[in-house]
Amino acid sequence: MYCRDIMIDRKEVISVTDDFTLAKAIDRMELYGMRALPVVNYGRYHGVIEKSSIFEHIYIKRDVDLDVAIVRDVMRSNIQVVYASDFIEKAAVAFRNHRYQFLPVMMDDTEDQFLGIITATTILNILASALGLGHPAHRLTLQLPGYKGELARISRALYQSGVNITSFVTVSYEESRDVFSDSSVSVVLKFEGDLEAALTACRAQGAVITHVDRFEG
């Protein structure tokens with residue numbers, strides 16, 4: 001899945017131009033319940049204007065006048081962007097590393113041709129879908145002794161046991177470094193069917209079952 005597949009198209013994005021006054025930019029944010037807006041002039045992306053940045057300049061730095069200063073005076077141009085054909089993982093990492101309200105999406109092979117935005121909510125919805133939320137099922141958390149080949153063996157064993165897998169998500173991390181790695185692999189598995197048959201199949205493959213639950217959606 002690519003960024004273009006999950007973005008909100010520019011035709012539906014609320015934005016401002018860089019010559020908006022700060023007062024007018026705040027009015028637009030208030031009208032639509034936004035804390036930040038992309039700055040776009042005739043399809044060209046220039047940056048992001050944030051309500052927090054406006055307030056910082058008005059009340060802390062005291063270097064702008066709300067009715068005189070314009071968006072380009074205080075907008076941020078260092079927000080990370082993604083491109084249409086980037087994998088959605090790139091967007092997920094950007095949200096993990098920064099507290100962005102959204103990510104601007106650019107046309108491939110350009111620097112400023114604005115296509116739309118990706119919101120953090122969209123990424124969370126994809127995660128929720130991958131985890132099988134909304135569908136009642138048995139839920140197992142497995143700790144695997146290794147990684148290569150283990151998922152295939154577990155999947156095959158579960159298939160042979162007659163259960164219907166509805167979600168199969170791996171989580172790999174090092175707690176001490178808070179980065180993804182291959183040192184520890186957990187699997188969150190949801191399925192419909194015989195719980196005891198699934199437990200037997202997983203244990204036969206050497207998986208350590210750390211949690212057994214019933215998820216009701």
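Mentor: The part to look at is the second largest pocket, with a volume of about 230 Å³. The model is predicted, and every value here is computed from it. Its lining consists of 14 residues, and those that lie nearest the centre are M34, A36, F102, I117 and T119. Two strands, β2 (36–41) and β6 (114–119), are the elements that give two or more residues to this lining. Of these, β2 supplies the largest share, with 3 residues. By class, the lining of the second largest pocket is made up of 9 nonpolar, 3 polar and 2 charged residues.

Rolling a probe the size of a water molecule over the atoms shows where empty space is left. For this model the count is 1 cavity of 30 Å³ or more. The largest cavity holds about 40 Å³ of space. Its lining is formed by A36, V48, E50, I79, Y100, Q101 and F102. A36 and F102 therefore belong to the cavity lining and also to the residues nearest the centre of the second largest pocket.

Two packed helices are described by the angle between their axes and the distance between the axes.

Helix α2 (residues 22–32) packs against helix α3 (residues 51–61) at an angle of about 140°, and their axes are 11 Å apart. Angles over 145 degrees would count as roughly antiparallel, so α2 and α3 are oblique to each other. The crossing of α2 past α3 is left-handed. On the α2 side the contact uses L22, A25, I26, M29 and E30, and on the α3 side K51, I54 and F55. Sorted by class, this contact has 6 nonpolar, no polar and 2 charged residues.

Helix α5 (residues 88–97) and helix α6 (residues 120–130) have axes that come within 10 Å and cross at roughly 115°. This crossing, too, is left-handed. In α5 the residues involved are I88, A91, A92 and F95, which meet A120, I123 and I126 in α6. The contact of α5 with α6 has 7 nonpolar residues, with no polar and no charged ones.

The last pair is helix α7 (residues 150–161) and helix α8 (residues 195–204), whose axes come within 9 Å and cross at roughly 145°. Here α7 passes α8 in a right-handed crossing. I154, A157, L158 and S161 of α7 make the contact with A197, A198, A201 and C202 of α8.

Note on methods:
Residues are numbered from 1 along each chain as its sequence is written. This is a predicted model: local features need pLDDT of at least 70, side-chain atom pairs count only at pLDDT 80 or more; totals for chains, interfaces and linings use all residues. Side-chain values use heavy atoms; hydrogens and water are left out. Axes are lines fitted to C-alpha atoms, for helices over the stretch in contact, and angles run from 0 to 180 degrees between N-to-C directions. Helices (H or I, at least four residues) and strands (E, at least two) are DSSP runs, numbered from the N terminus. Angles under 35 degrees count as roughly parallel, over 145 as roughly antiparallel, 65 to 115 as roughly perpendicular and the rest as oblique. A crossing is left-handed if the near helix is turned anticlockwise from the far one by less than a right angle, and right-handed if clockwise. Contact means heavy atoms within 4.5 Å. Ala, Val, Leu, Ile, Met, Phe, Trp, Tyr, Cys and Pro count as nonpolar, Asp, Glu, Lys and Arg as charged, and the others, Gly among them, as polar. On a 1 Å grid over the protein atoms alone, a cavity is a set of points where a 1.4 Å probe fits but cannot get out, and a pocket is an open set with protein on both sides within 12 Å along at least five of seven lines; lining residues have an atom within 4 Å of a point. Grid points are joined across faces, edges and corners, and a volume is the space filled by probe spheres set on the points.
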